[in-house]
Amino acid sequence: MAHSITAHRLRRLLAPSTPALAMASHSPLSAKLAAQAGFPAIWASGFELSALYAVPDANILPVSTHLEMTRSIVETVGPNVPVIADLDTGGGNAVNVSYMVRKYKDAGCAAVVMEDKVFPKDSSLRVSARHVLVTVEEFQGKIGAAKAAAGEGEDGMLVVARTEALIAGLRLEEALNRAEAYTEAGADAILIHSKQKNPDEILDFCQRWSGKVPLVIVPTSYPQLSFQNVAELNKVGLIICGNHSIRAAVKAMRETFERIIKDNSIAGVEGDIASVKDVFELQGDAEMREIEKKYLR
C-alpha cells in the first residue's frame, strides 16, 4: 500500500537531532516545486487550500475538496516524498474521524494531523479569533479512532495530535498535560502551536516536554527561531513551513499583475516570470511526447 511506504519514510525522518522540513502546499504544482527544491515532506495545508479558493480557513470547504487535492498531491510527488494531511478537527466526532482517516489512508498519505478545537475551527493565527477546545477525554477518543483507522504498527499512517492550548491562551501546564494525555491515547507525535511573536513559550514547552514522542512545530509567528536552534532542543522531529507556498504565490502574482496594468504591456514582466518551457517541463510534457511517438498512429 502506498501509505505504508511513505509512512515508513516519514517515521525515519522524524529524528529530533535533525528535524525534517515540510513545505506547505495547496496544489500538485506547488508540491512538485517544493519537492524539486529539496523539501523531504509536504504539508497538505487546509489554510493554503482555503486561500486558494479565496475563503476563510474555517472548515468552509467540503472535506471532499481537500481530500481530492491531497490525493492529487500524493500522486504528483510520489512515494519518496511523504505527504502529511491537515485534517483540522477531524470533521466532527470520533465517528467522523474514523471515516476521514480511512479516506486519507487510501489516498496514500503518510500522516494526518488533527487539532483539539471544536468544529468548525477558526484559523489559529487570526487576530481575535474564536478558539474553543474540546475536552481531553473527547480528543483522546478521536485519537483512538484515528489510530484504529490508520493501520497497525510501522505500516500504519502516523497520527499527529495538535494541541491549540497556547493558541487559546491557556497556561503552559494545560498544553503539557494535554500533550501527555494525547500521547497516552496513542498519538505518534505532538504538534504544539503558538501565535506569539517570539518563540519563548514554544521553547519552554520543548524544554519541559517528556520526549515520549517527537514534537512538531509551525514557526510562522516566530521566524527568528533558526532550524539549527530547533535541532539543539533535541525534541522536535518535524518543522512545518505552514503557509509559505501560498504567500509566495500571492506576492509574485500581485506584483506581476500590477506591473502589467501599470506598463500597459506584458513586455516588462517577461524576464521575471517562468518561461512557458519551464511550465511545460513541470507538466510532464516530455513524457507525453514520448507516448505520442510510441503509440499515436
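Glu115 is buried, with a relative accessible area of 1%; buried means under 20%, exposed over 50% and partly exposed in between, with a 1.4 Å probe and protein chains only. The model is predicted: local features need pLDDT of at least 70, side-chain atom pairs count only at pLDDT 80 or more, and totals for chains, interfaces and linings use all residues. Residues are numbered from 1 along each chain as its sequence is written, and side-chain values use heavy atoms, with hydrogens and water left out.

**Glu115 and Thr89**
- Glu115 sits in strand E4 (residues 111–115); strands (E, at least two residues) and helices (H or I, at least four) are DSSP runs numbered from the N terminus.
- Beyond residues up to four places away in sequence, Glu115 touches Asp88, Thr89, Lys121, Phe139, Arg162 and Glu164. Contact means heavy atoms within 4.5 Å.
- Thr89 lies in the loop between strand E3 (83–86) and helix H5 (94–106).
- Thr89 is buried too, at a relative accessible area of 0%.
- Outside four places in sequence, the contacts of Thr89 include Asn59, Val97, Met114, Glu115 and Lys142.
- Thr89 and Lys142 are 53 residues apart in sequence, yet their C-alpha atoms are 9.4 Å apart.

**Helix H7**
- Helix H7 (residues 172–184) has 13 residues and spans 19 Å from first C-alpha to last, close to the 18 Å expected at 1.5 Å a residue. The expected span is 1.5 Å times one less than the number of residues.
- Among the buried residues of H7 are Leu172, Leu176, Arg178 and Tyr182.
- The buried residues of H7 pack against helix H6 (136–150), strand E5 (158–163), strand E6 (189–192) and helix H8 (200–208).
- Gly186 follows H7 and has a positive phi, near 115 degrees.

- The protein divides into domain 1 (1–243) and domain 2 (250–295), with bounds from an automatic or database domain assignment.
- The C-alpha centres of domain 1 and domain 2 are 32 Å apart.
- The largest pocket holds about 670 Å³ of space.
- Of the 24 residues lining the largest pocket, Leu33, Ala249, Ala252, Met253 and Ala274 are closest to its centre.
- A pocket is an open set of points on a 1 Å grid over the protein atoms alone, where a 1.4 Å probe fits, with protein on both sides within 12 Å along at least five of seven lines; lining residues have an atom within 4 Å of a point.
- Volume is the space filled by probe spheres set on the points, which are joined across faces, edges and corners.
- H10 gives the most to the lining of the largest pocket, with 10 residues.
- Domain 1 and domain 2 each supply at least three residues to the lining of the largest pocket.
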